Amino acid sequence: MIEVRDLQVRYGDRVVADVPELDVGAGECVAIVGESGSGKSTTLLSLLGLIPDATVSGHVTVCGVDVMTAAPRRLREIRGARVALVMQSPQAALSPATRLGVLMRRALKLHGVGRPAEIMAEALEAVLLDREILRRYPHEVSGGQAQRFAIALAIALGAEVILADEPTSALDVTVQAEVVGVLRRLRRDRGLALLLVSHDLALVSTIADRVLVMRDGVVVESGPAAKVLADPDHPYTRELLEALP
Ligand SMILES: Nc1ncnc2c1ncn2[C@@H]1O[C@H](COP(=O)(O)OP(=O)(O)OP(=O)(O)O)[C@@H](O)[C@H]1O
């Protein structure tokens with residue numbers, strides 16, 4: 001679903017992300033970890049061509065679309081539909097004066113999704129939310145519910161790939177587990193491909209198959225999560241693990 005080769009992102013002369021190889025297949029979860037400013041979000045956003053100020057080179061294919069050469073129309077087709085972006089604070093992205101049900105119906109209409117009532121019910125069930133949430137306004141739901149609603153919206157629009165940037169870091173610990181549980185189910189039951197950016201190694205260890213560790217824009221270590229997190233080769237990964245509470 002995601003294939004990256006020799007991706008390089010520069011602002012002027014400064015390389016902020018250099019990723020030789022990154023693959024995420026259907027039903028897989030790959031996590032990019034590293035401290036703030038290491039280039040994680042830049043890497044994620046470049047997969048959808050969403051960093052217009054930067055110079056980007058390399059090969060990026062997402063859902064069969066060559067992101068580097070695709071026409072804007074082709075990119076718009078995958079953004080927000082086959083590929084969903086889940087951010088840290090979903091409430092900020094939801095229009096405050098619109099009930100969630102209205103918002104979801106509008107999004108489905110915009111993307112030409114048929115059988116909206118059925119699709120909405122199915123999507124809410126997949127993220128373990130009660131239909132009653134559709135009557136609420138964004139400020140009337142908790143952070144965890146808002147995040148699960150954002151994921152439900154992605155599924156309703158037909159997402160095959162979720163790019164998640166710190167999806168749980170704005171949530172308290174018990175709610176974090178809910179969101180991670182939902183993402184795990186979606187991988188298993190729907191074969192969703194998940195690329196997760198997180199500085200939270202404890203979270204990553206519960207969900208990722210493979211991990212890329214980034215520092216100052218460079219991938220210093222990558223491999224199976226079980227290996228990298230239990231027996232890291234690179235001193236920087238060891239430092240990150242030692243910093244865990
Ligand atoms: N528009 C921009 N112009 C110049 N430099 C930028 C721009 N956007 C990001 N950067 C730089 O790119 C580097 C990588 O940033 P990025 O946001 O990808 O890091 P990150 O690992 O995701 O950090 P965080 O967890 O804080 O989001 C940082 O040094 C940042 O200052």
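How many helices and strands make up the secondary structure of this protein? Colour the chain by secondary structure and count along: there are 10 helices and 10 strands. The radius of gyration is 18 Å, close to the 18 Å that the globule rule gives for 245 residues, so the protein is as compact as a globular protein of that length. Keep in mind as you explore that this is a predicted model.

**The whole chain**

Along its principal axes, the trace spans about 50 × 45 × 30 Å. Next, think about the inside: buried residues account for 40% of the 245 residues. Contacts tell you how the chain folds back on itself. Of those between residues at least 6 apart in sequence, 66% join residues at least 24 apart.

**The annotated stretch**

Select residues 2-241. An unreviewed UniProt entry lists this range as "domain: ABC transporter". Within residues 2-241, the chain is 38% helix and 27% strand.

**Around the ligand**

Now zoom in on the ligand. Which residues are around it? Select Tyr11, Val16, Gly34, Ser36, Gly37, Ser38, Gly39, Lys40, Ser41, Thr42, Asp53 and His199. Then highlight helix α1, residues 40-46, which supplies the largest share of this shell with 3 residues. Finally, colour the shell by residue type: 8 residues are polar, 2 are nonpolar and 2 are charged.

Note on methods:
Residues numbered from 1 in each chain as written. Predicted model: local features only at pLDDT ≥ 70, side-chain atom pairs only at ≥ 80, totals over all residues. Near = placed C-beta within 6 Å. Helix = DSSP H or I, 4+ residues; strand = E, 2+ residues; numbered from the N terminus. Nonpolar A, V, L, I, M, F, W, Y, C, P; charged D, E, K, R; others polar. Rg over C-alpha atoms; globule rule 2.2 N^0.38 Å. Buried ≥ 20, exposed ≤ 12 C-beta atoms within 10 Å, placed from the backbone. Contact = placed C-beta atoms within 7 Å. UniProt positions renumbered as here; feature names shortened; annotations may be inferred.
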